[in-house]
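Please read the following report alongside the sequence and the coordinates.

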Amino acid sequence: IFPFFTPSCLTPRICLASPPLQPPGLWMSCFTMIFGAISNLTALGILAKTRVRFRRHSKAPFFLLTVALLLADLGGHVVPGAFALYLHVHQRYKTQATKPTSIFCHIFGACMVFFGLCPLLFGCAMAVERCVAITQPFFHASMISVVHARRVVFFLSSLALVLAVLPLFAVGTYTTQFPGTWCFLPIHDPQSAADTNLALAFSSLGLTALTFSLLCNILSGLVLLQTRMKSHGVNTKPAVRCDRRTSSASSSSLFCSLDVEMMTQLAAITVVLCVCWSPFLIHILVVQLNQSHRASGPVKDGFLLLGLRMASWNQILDPWVYILLRRTVLFRLCCGVYTRRNTVTANSSCAEARRQAFSLQ
């Protein structure tokens, strides 16, 4: 989604003076844009092939939210990436440095805000949906449907869109950001109360979504672990006979179930979101809260660029979560070992039981 930079200041402090910038890495921006788009298309293709497993009523909402997340990631690479490439080419081949027009910057900034918020909000919705499905399965099966998931996607998209287009209606503004290859809400520049409120809303909404995702994933993981331990305790009682091998198979099936697959993917997405987005969002929030320490002149914030560059990797890493953490991969990594261990244990137990029965005869 976001352009890659070669800034002259990448330290956490705010640089007020620096030498003239070199042209930013055009080919790096092209590579990341193309690689991100291909990754998201590949993940969407994998989901299309495995959609049969999600036809169950209880799994369909998660599938819809996953598709929405990947589509938002794909759009975040293609649309803002095209604007960023234009600015890269403009800076590289223009003899005189000029800023982009106000309309161009406003549209670019609106795309940055919209495609930045959508993955955060969709990830939060996925975490809440799985938390309800795991902790309250009967309520989820009877009340949550694909229609509700579509409404959630529409509502969250509308929320991000409204926040993004407010500057287009003279509520706040978008400005060119250092080093001149992207447009966003003014973070350090002299700004009005509307600009400050929009920046606070963007960072607060993103951090709230991350917090809810973490809490829901922790709760869901604890419930799954508790269920797994109870199932393991039932299947390892001394009274279990050899003809109950199916119980071990059912335990392995629980361990390799679709719920575990979705929770593994969701946990990985949450980790990626937190690592990639937290520095950028927290930095914006801290800058807005420390109004008295704002510089009066043009500011070249190296840490904001570093946070933006980290955030740009979110849309690249998200699809690889689905590519690498599919059910087949999880089965090979975990379930194969677990199943073999249960089989050996069951065979040895049955052999011992037969030997005891033969000795009694």
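## Basis of the values

This is a predicted model, in which local features need pLDDT of at least 70 and side-chain atom pairs count only at pLDDT 80 or more, while totals for chains, interfaces and linings use all residues. Residues are numbered from 1 along each chain as its sequence is written, and side-chain values use heavy atoms, with hydrogens and water left out.

## Salt bridge

With a salt bridge taken as a side-chain nitrogen of Lys or Arg within 4 Å of a carboxyl oxygen of Asp or Glu, the count comes to one. Arg130 forms a salt bridge with Glu129, and the closest N and O atoms are 2.8 Å apart. Arg130 is buried, at a relative accessible area of 1%, and Glu129 is buried as well, at 8%; buried means under 20% relative accessible area, exposed over 50% and partly exposed in between, with a 1.4 Å probe and protein chains only.

## Packing around helix H10

The axes of helix H1 (residues 26-49) and helix H10 (residues 314-324) come within 8 Å and cross at roughly 30 degrees, which makes H1 roughly parallel to H10. Axes are lines fitted to C-alpha atoms, for helices over the stretch in contact, with angles running from 0 to 180 degrees between N-to-C directions; angles under 35 degrees count as roughly parallel, over 145 as roughly antiparallel, 65 to 115 as roughly perpendicular and the rest as oblique. Residues making the contact (heavy atoms within 4.5 Å) include Phe35, Ser39 and Ile46 of H1, and Pro319, Trp320 and Ile323 of H10.

Helix H9 (residues 302-312) packs with H10 at an angle of about 25 degrees, their axes being 5 Å apart, and H9 is therefore roughly parallel to H10. Met310, Ala311 and Ser312 in H9 meet Asn314, Gln315 and Ile316 in H10.

## Asn314

Asn314 lies in helix H10 and counts as buried, at 0% relative accessibility. Leaving aside neighbours within four places in sequence, Asn314 is in contact with Asp73, Pro119, Val272, Leu273, Cys276 and Trp277.

How values were computed. Helix = DSSP H or I, 4+ residues; strand = E, 2+ residues; numbered from the N terminus.
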